[in-house]
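Here's a quick briefing to read with the structure open beside you.

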Amino acid sequence: MENMIIAENLRKEFKKVIKEPGVKGAVKALFKPKKEIVTAVDDISFTVPKGEILGFIGPNGAGKSTVIKMLTGILMPTAGFCRINGKIPQEDRKNYVREIGVVFGQRTQLWWDLALRETYAVLKEIYQVPDEQYKKRMAFLNEVLELDSFITSPVRTLSLGQRMRADIAASLLHSPKVLFLDEPTIGLDVVVKENIRSAIKKINEEEGTTVILTTHDLADIELLCERIVMIDKGRKVFDGAISDLKHNFGDVRTLEFELVNGPDFKLLDYNRRFKLTQDDIHAERDGSMARVRFDTAKVSVENVVSYTLSTVHVKDLNIKDVEIEEIIKKLYRREVSL
Amino acid sequence: MSRIKRFFRTYKPFTRAGVQEMVAYRANFICFFIGEIMSAFIMYFVWKAVFLSSGSKTFMGFTMEDMVVYLFISFLTDYLTYSDGAFAVGEEIVEGSIAMRMIRPCSFEMSFLFQEIGNRLISAAMIFAPMVVGVEIYRYAIAGVVRFHPGYFLIYIASMLIAYMISFYFNVCYGFMAFFFKNLWGTSLIKETLVSFLSGGMIPLAFLPSGLAAVLNFLPFASLRYTPIMIYMGMYSPSEIAWRMGLQVFWLVVMFALSKLIWHSAVKHLSVQGG
């Protein structure tokens, strides 16, 4: 399939003024600023095929937003280049942005003082969307993002959840081929998050829109993306399918159960029973709840469960699949490397 | 032709948004206006004291009547040619919302310009006619003859429009400094006062020592305010009007070119703050 987004050896350096502490330092910085070059993005390359939703993740300050800003033509890369929809953003910004949609979760692109409906009317003119298409588009966006209840309110009076939905609708009004979402679910409650996810999914499925999504909410990633690119300290640390990530990490399961009698927990000794180290199987108790993490390559689910049930009285139990969140936490802490 | 049409179609919505913004903050606008007109009256009383104490009917070639017309037309011109460009550009750069403007398929400064024209249209609609009528009634009451000159008045409007464009590009240039300084608040206070003095807003340039006045007359600041006021008052001969307005156009071209130059170099150094 053709690649919608190509990023090659992207690099971005910023000059930063180093200030020494205190008033003396501030005065010194004013007259003789000491500058340091900070590399925010260091040699990142990846491609996104048409119609894919790519999850772009990394800890705070990893350089995610800087990459997005280069891809959207706001920042000029120090080195390397990107080509999106066959265009280089920095070369012909005005024409390039006609075919992309951008949402920065922490900012709004809506006119603060205008009624939401007016904002859309303004955007319609700016992007020169024909009347007929505009009507259809608004009806569609209304349906997926439920804008009706607040479309006549001024933007400054909207709640965060409403504003985010309105922002996403604004980015989609001109039917972009590529959609950049920088933390579209930041600060939202579960219901609104759910809404926004299903809207993104629907737009991607119905219109084949290519989406790049950065987020800290890993549920977004698990529900929307098949592939992720993970960056840390400006470098790419992982690029591949979520299933690969899980596979590389090892197939770890967690057995959670509730004991009828909490202190019975000491009767269980998984390490001795299966002759495994703490790394391969590890149990812990919190009141009447107990949790056993184990590697299915070393011991089967069946054995662990039957040993547990035959040793203690259990009120309730469930087995959890490995969670991507856990893998990423470990990656962030550099406990594992891929 | 179709290019021009497309141009206006693209930027018209910004003007509309500007008008609506202005309407949303009418109380703010009215208070600002009252504050400005109060300072015009304070200047009036100061000059009245000067005239009374000097004992003569004219002061440096200005009668008290001239002075009043000068003060109020100066106030009107300043108000209508005032450009928020520096503040708006600077603020967007400092807080990073410039990014939101850059993801739109339009020119950066044009979107500002048309948004501001929306603001200015509302202010002009509200104060222009009352101010001019008020000044002319005063003149009539003092002199007993109609001093209003439609020809000079029309040239004044043209000159004021050029002055607005110079003011806009000058402020955009200044606002771009935020790319380098990251914050403009302190320097903008100095700028406002300096521009007000250099453009003849505080004292007519004619009152200054002749050498200094000649230099200031040539600088772009005189084009911002002094030139339109003097045209309105009928102080310039036709040939002088032509030369002054030519100078205005010259400074407009310079400011425009300068803003383009700064923008192109600034974009390369752009570091959007936050996020």
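**Loops with a positive phi**

Lys233(A) counts as partly exposed, because it has 14 C-beta neighbours inside 10 Å. Keep in mind that this is a predicted model.

- Lys233(A) isn't a glycine, yet its phi is positive, near 50 degrees.
- You'll find Lys233(A) in the loop between strand E8 (227-232) and E9 of chain A.
- Gln128(A) is another non-glycine residue with a positive phi, here about 50 degrees.
- Look for Gln128(A) in the loop between H4 and helix H5 (131-145) of chain A.
- Gln128(A) has 13 other C-beta atoms within 10 Å, so it is partly exposed.

**Domains of chain A**

- Chain A is assigned two stretches as domains: domain 1 (3-8 + 43-246) and domain 2 (251-321).
- Taken over C-alpha atoms, the centres of domain 1 and domain 2 of chain A are 43 Å apart.

**The six-stranded sheet**

- Six strands of chain A make an open sheet with mixed pairing, in the order E5-E6-E7-E3-E8-E9.
- At its edges are strand E5 (100-104) and strand E9 (235-241) of chain A, each of which pairs on one side only.
- From one strand to the next, the twist averages 15 degrees.
- Within this sheet, strand E3 (residues 53-57) and strand E7 (residues 210-214) of chain A are parallel partners, with four bridges between them.
- Phe56(A) has Thr214(A) in E7(A) as its bridge partner.
- Helix H6 (residues 160-172) of chain A lies across E5 and strand E6 (178-182) of chain A, and runs at about 160 degrees to E5(A).

**The four-stranded sheet**

- The order E11-E12-E10-E13 (chain A) describes an open sheet of four strands with antiparallel pairing.
- Strand E11 (281-286) and strand E13 (314-320) of chain A are the edge strands; each has a single partner strand, so one side of each has no neighbour in the sheet.
- The twist in this sheet averages 15 degrees from one strand to the next.
- E11(A) and strand E12 (residues 289-295) of chain A run antiparallel and are joined by six bridges.
- Helix H11 (residues 301-311) of chain A lies across strand E10 (252-259), E12 and E13 of chain A, at about 15 degrees to E10(A).

**Nonpolar cores**

- The largest nonpolar core has 123 residues, and those with the most contacts inside it are Leu71(A), Phe180(A), Ile212(A), Leu213(A) and Ile166(B).
- Helix H7 (residues 150-176) of chain B gives the most to this core, contributing 14 residues.
- Leaving out residues up to four places away in sequence, Ile212(A) touches Ile5(A), Val48(A), Leu54(A), Phe56(A), Phe180(A) and Leu181(A).
- There is also a second, separate core of eight residues, including Leu255(A), Leu259(A), Ala290(A) and Val292(A).

**Where chain A meets chain B**

- On chain A, 27 residues are in contact with 23 residues of chain B.
- Helix H2 (64-71), helix H3 (93-97), E5 and helix H4 (116-126) of chain A are the elements that give two or more residues to the side of chain A touching chain B.
- That side of chain A is made up of 12 nonpolar, seven polar and eight charged residues.

Conventions. Residues are numbered from 1 along each chain as its sequence is written. Chains are lettered from A and ligands numbered from 1 in the order in which they are written. This is a predicted model: local features need pLDDT of at least 70, side-chain atom pairs count only at pLDDT 80 or more; totals for chains, interfaces and linings use all residues. Two strands pair if DSSP finds at least two bridges between them. Axes are lines fitted to C-alpha atoms, for helices over the stretch in contact, and angles run from 0 to 180 degrees between N-to-C directions. Two residues are in contact if their C-beta atoms, placed from the backbone, lie within 7 Å. Domain bounds come from an automatic or database domain assignment. Ala, Val, Leu, Ile, Met, Phe, Trp, Tyr, Cys and Pro count as nonpolar, Asp, Glu, Lys and Arg as charged, and the others, Gly among them, as polar. A nonpolar core is a set of buried Ala, Val, Leu, Ile, Met, Phe, Trp, Tyr and Cys residues joined through C-beta atoms within 7 Å. A residue is buried if 20 or more other C-beta atoms lie within 10 Å of its own, exposed if 12 or fewer, and partly exposed in between; C-beta atoms are placed from the backbone.
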